[in-house]
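Here are some exercises to work through with the model on your screen. Try each task yourself before you read the solution.

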Amino acid sequence: MTGFALAILPLVITPGASLTLLIRHVTEDGRRRAVPVVLGTVTGLYTHAALAVAGLSALVMGSETAFTVVRVAGACYLIGLGAWTWWSAGRSRRPAGRGQRWRSAYPQALFANLLNPKAASVFLTLIPQFLTSGRPLAGQILALATVQIVMVSLWLTAWALLLPRTAARPGGERFRRTIGRIAGAMLIGLGGWGLISG
């Protein structure tokens, strides 16, 4: 487990869609908004683990056409999410109920993770190196996935604790718009990189 944790650490701390979404939501509405982002990310990772156990991830990664479809769909989703984030950053904020905020942040984080073939590739390239023959495969994959999920959750939670809620402070509305536009640009960039790096 320690070896896997050290191997996965660079991937965990590399900025990506989940961290970008977390920064945007937390700076807008406070640290509670981190919860649906973290839960969406966790759900996505466990889904990838379940698909790896079922062999579906191997099928997608083994088929160039299927991999390309997932990669393009994920990239387009991030680009669309980034464009919406950029556009909505320039609009005046309307108070949103707690349920509406959850419905927004959770699926954004979930689909950003689910449609990321690089997240699936972890379970097909890195995790197999830490599997032990003669032991149940599913249990090992889920245990290693849990290690990754705990690390990702701690990393995102640490960011949430460090980030201030600035939208309610003097000049906070301008800062909120700036953060929203930066987050939008980063999501568009991640999506664009996903299109050209395949």
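**Exercise 1. Find the residues that Gln148 is in contact with, leaving aside its neighbours within four places in sequence.**

Step 1. Look for heavy atoms within 4.5 Å, since that is what contact means here. With those neighbours set aside, Gln148 is in contact with Phe4, Ile8, Leu45, Val122 and Phe123.

Step 2. Helices (H or I, at least four residues) and strands (E, at least two) are DSSP runs, numbered from the N terminus.

Step 3. Check how covered it is. Gln148 has a relative accessible area of 7%, so it is buried. Buried means under 20% relative accessible area, exposed over 50%, and partly exposed in between (1.4 Å probe, protein chains only).

A word on what you're looking at: this is a predicted model, where local features need pLDDT of at least 70 and side-chain atom pairs count only at pLDDT 80 or more, while totals for chains, interfaces and linings use all residues. Residues are numbered from 1 along each chain as its sequence is written, and side-chain values use heavy atoms, with hydrogens and water left out.

**Exercise 2. Work out which members of the largest nonpolar core touch the most other members.**

Step 1. Know the rule: a nonpolar core is a set of buried Ala, Val, Leu, Ile, Met, Phe, Trp, Tyr and Cys residues joined through side-chain atoms within 4.5 Å.

Step 2. The largest such core has 34 residues, and Ile8, Leu21, Leu22 and Phe123 touch the most other members. Two or more residues each come from α1 (2-13), α2 (17-29), α3, α5 (64-89), α6 (98-114), α7 (117-126) and α8. The top contributor is α8, with 8 residues.

Step 3. Zoom in on Leu21. Not counting residues up to four places away in sequence, Leu21 touches Val37, Leu81, Gln108, Ala109, Ala112 and Leu187.

**Exercise 3. Explain why α7 counts as largely enclosed by the rest of the structure.**

Step 1. List the buried residues of α7: Pro117, Ala119, Ala120, Ser121, Val122, Phe123 and Leu126.

Step 2. Compare with the length of the helix. Because 7 of the 10 residues of α7 are buried, the helix is largely enclosed by the rest of the structure.

**Exercise 4. Find which backbone oxygens the side chains of Thr27, Thr47 and Gln140 reach.**

Step 1. Start with Thr27, which lies in helix α2 and is buried at 3% relative accessible area. A polar atom of its side chain lies 2.7 Å from the backbone oxygen of Ile23. The side chain of Thr27 also reaches the backbone oxygen of Arg24, at 3.1 Å.

Step 2. Go on to Thr47, in helix α3 (residues 34-54). Thr47 is partly exposed, at 28%, and its side chain reaches the backbone oxygen of Thr43 at 2.7 Å. Thr47 and Leu114 are 67 residues apart along the chain, with 7.6 Å between their C-alpha atoms.

Step 3. Finish with Gln140 in helix α8, which is buried at 8%. Its side chain reaches the backbone oxygen of Arg135 at 3.2 Å.

**Exercise 5. Find the residues of the nonpolar surface patch and the helix that gives the most to it.**

Step 1. The patch is formed by Val72, Trp193, Leu195 and Ile196, with about 400 Å² of accessible area together. Accessible areas come from the Shrake-Rupley method with a 1.4 Å probe; for residues, only the protein chains shown count as cover.

Step 2. Helix α9 (residues 172-196) gives the most, with 3 residues. Ile196 sits in that helix and counts as exposed, at 66% relative accessibility.

**Exercise 6. How many helices and strands does the chain have?**

Step 1. Count the elements: there are 9 helices and 0 strands.

Technical notes
Patch = residues over 30% accessible without salt bridge, like charges linked within 9 Å, V, L, I, M, F, W, Y side chains within 5 Å. Salt bridge = Lys/Arg side-chain N within 4 Å of Asp/Glu carboxyl O. Polar contact = N/O pair within 3.5 Å; in protein donor to acceptor, adjacent residues only side chain to side chain.
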